Amino acid sequence: MGITQRARGVLRRRDPEQTIVPGSRNVVFGPSLPDESTVHLVLDLGLRIGEVQMASGAGASDVTATIIGVVSAYGLPHCEVDVIYTSITVSCYRGTEQPPITSLRVVRNRSIDYTRLADVEKLLRRITAGEISASDAYAELDRITTAPHPFPRWVATLAWAGMAASLAVLLGVAEDPFLPLVAAGTTALVDRIGRLLNKRALPFFFQQAVGGVVATSLALGAFAVGVLHNPPLAIAASIIVLLSGMTVVGSMQDAITGYNVTAAGRMAELAMMTAGLIAGVVLALYVGLRIGGDTVAGLDAQSLGRAQVGTPALELSVQILAGASTSACFALASYAPPSPLLIAGIGGGVAAGAHAILIREDTLALNPVLAGAVATTIVGFAGGIVARRLEIPVLVVAVSAVSPLLPGLATYRGLFELSVLRSPAGVTTLMLAVATGLALGAGVVLGEYLAQPVRSRLGRLERRISGPRLSGPLRPSRRRLD
């Protein structure tokens, strides 16, 4: 920090002045601030940037650090930020003689657009570097948030279909060659139906239920006409796609960094979305089995709920390619720009390959939950370093790389055992699915945390680590976030 900046900081921070009149209160003068209209502009700018990050799945710690960095860059050195899942509040301290200026923004829109997130992070770097004024930054942010998606919606639909096909390859294409085509067609139809329902403001719980009904019904229908030999795998592939947009990584980051209210909100949303999906799958299975009696074109209830994954029969290279395709398609469906799209694909390939090696009997033969945590830790570590160097959001790589390992088949089997077979074993299976999801999120966050000393030069390990950061500048402010 230069001499001029230090002098300016000393002038802004006045020492508390105590009156000498007995019994009178102490007076604490706040920092020297711009005019009140500028303060409101800067606070609103920080809130809108935080809203974009929250809508994209960023953790509350990232949003807090980013907003503090923005307001500090424009002359508001002492602001407090409170982030919960549905709103963000910023309060500017002005001493004991004047009330604080407080602004609040409700986070309503949660549609993911990684291009918008990448553009906002570029703007953040310019703000914290002092290269742009507050009014120009506000105008640039308005342009970013009002810009249309970088490509048409049908491209995203094809990307979701491609993701489902890639997941089907991971689940068992060796024993059912038509599985990727059925999974892709089902997912594309579910996406278009969900688009129509979303325009009519149907709650996401019911949208998930409709998706579960459509996916299960089409899989059973494909089996009835002889196209599929193993419909549960098609259902599982569609389930993973419907679960992939949920903020498993963000939930774990909030829980680990101490933002328990926001973590609880994310977990509650995750539980409700999963419950809607389960309701739709169970309804379709129940109706299908009722219509066909105990069988659906020769499929009995026991075999329908006991599908096994044929992944070990696949070559490692095929699993890596399928994992890379899964993550790249998810990033494309989330409107990621080209560079993050490529890195996300590489991250998914690394995650799928590492997980396959770790669970093989001829290697380490690790438990699948532990293997998933180790694989995503590797991705979080490597992705955190590469993404920061390329100046792309780490969040894109982290969330996309998790998608090939999400426990869709375990979720399907657990709910089937509970609802159709009425077996208490379903509780154990669902708990395994939950543990797998939490392990994946925790692994990514741990990997990003471990990557920070590497980015800060290995010779400075004694430097205080600011916590796992998946979005926004790594060190947006010199102020300690205690």
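In the predicted model, glutamate 36 and arginine 94 form a salt bridge, with their closest N and O atoms 3.8 Å apart; the term salt bridge denotes a side-chain nitrogen of Lys or Arg within 4 Å of a carboxyl oxygen of Asp or Glu. Because glutamate 36 lies in helix H2 and arginine 94 in the loop between S2 and S3, this pair ties together parts that are 58 residues apart in sequence; helices (H or I, at least four residues) and strands (E, at least two) are taken as DSSP runs and numbered from the N terminus. Glutamate 36 is partly exposed at 46% relative accessibility, whereas arginine 94, at 16%, is buried; here buried stands for under 20% relative accessible area, exposed for over 50% and partly exposed for values in between, with a 1.4 Å probe and protein chains only. Residues are numbered from 1 along each chain as its sequence is written, and side-chain values use heavy atoms, with hydrogens and water left out. As the model is predicted, local features need pLDDT of at least 70 and side-chain atom pairs count only at pLDDT 80 or more, while totals for chains, interfaces and linings use all residues.

The count of salt bridges comes to eight. In general, side chains of opposite charge can pair when their charged atoms come close. Since aspartate 142 belongs to helix H5 (residues 134-146) and arginine 48 to helix H2, the pair ties together parts that are 94 residues apart in sequence. Aspartate 142 is partly exposed, with a relative accessibility of 35%, and arginine 48 is buried at 10%. Aspartate 254 and arginine 266 form another salt bridge, their closest N and O atoms being 2.5 Å apart; the former lies in helix H10 (residues 248-256) and the latter in helix H11 (residues 260-291), so that parts twelve residues apart in sequence are tied together. Both members of this pair are buried, aspartate 254 with a relative accessible area of 0% and arginine 266 with one of 1%.

Three strands make up an open sheet with the order S1-S2-S3 and antiparallel pairing, two strands being regarded as paired if DSSP finds at least two bridges between them. Strands S1 (79-83) and S3 (101-106) stand at the edges, and because each has a single partner strand, one side of each is left without a neighbour in the sheet. Neighbouring strands of this sheet are turned by 10° against each other on average, with direction ignored. Strand S2 (residues 87-92) pairs with S3 in the antiparallel sense over six bridges, and the bridge partner of serine 87 in S3 is valine 106.

Two helices are placed against this sheet. Helix H2 (residues 36-55) lies across S1, S2 and S3 and runs at about 30° to S3, where axes are lines fitted to C-alpha atoms, for helices over the stretch in contact, and angles run from 0 to 180 degrees between N-to-C directions. Helix H3 (residues 60-73) also packs on the sheet, touching S1 and S2, and its direction makes about 155° with that of S1; contact is defined by heavy atoms within 4.5 Å.

With a disulfide defined as a pair of cysteine sulfur atoms within 2.5 Å, the count comes to zero. Cysteine 79 is in no disulfide, and the nearest cysteine sulfur, that of cysteine 92, is 4.0 Å away. Cysteine 79 is buried, with a relative accessible area of 0%, and cysteine 92 likewise counts as buried at 0% relative accessibility.

The unreviewed UniProt entry annotates as "transmembrane region" residues 151-172, 209-227, 233-250, 270-289, 340-359, 365-387, 394-415 and 427-451; the positions follow the numbering used here, feature names are shortened, and such annotations may be inferred rather than shown by experiment. Over residues 365-387 the chain is 87% helix and 0% strand, with the end C-alpha atoms 31 Å apart, while over residues 394-415 the corresponding values are 77% helix, 0% strand and 33 Å. Alanine 365 is found in the loop between helix H14 (338-359) and helix H15 (368-389), where it is partly exposed with a relative accessible area of 36%. Leaving aside residues up to four places away in sequence, alanine 365 touches Leu358, Ile359 and Arg360.
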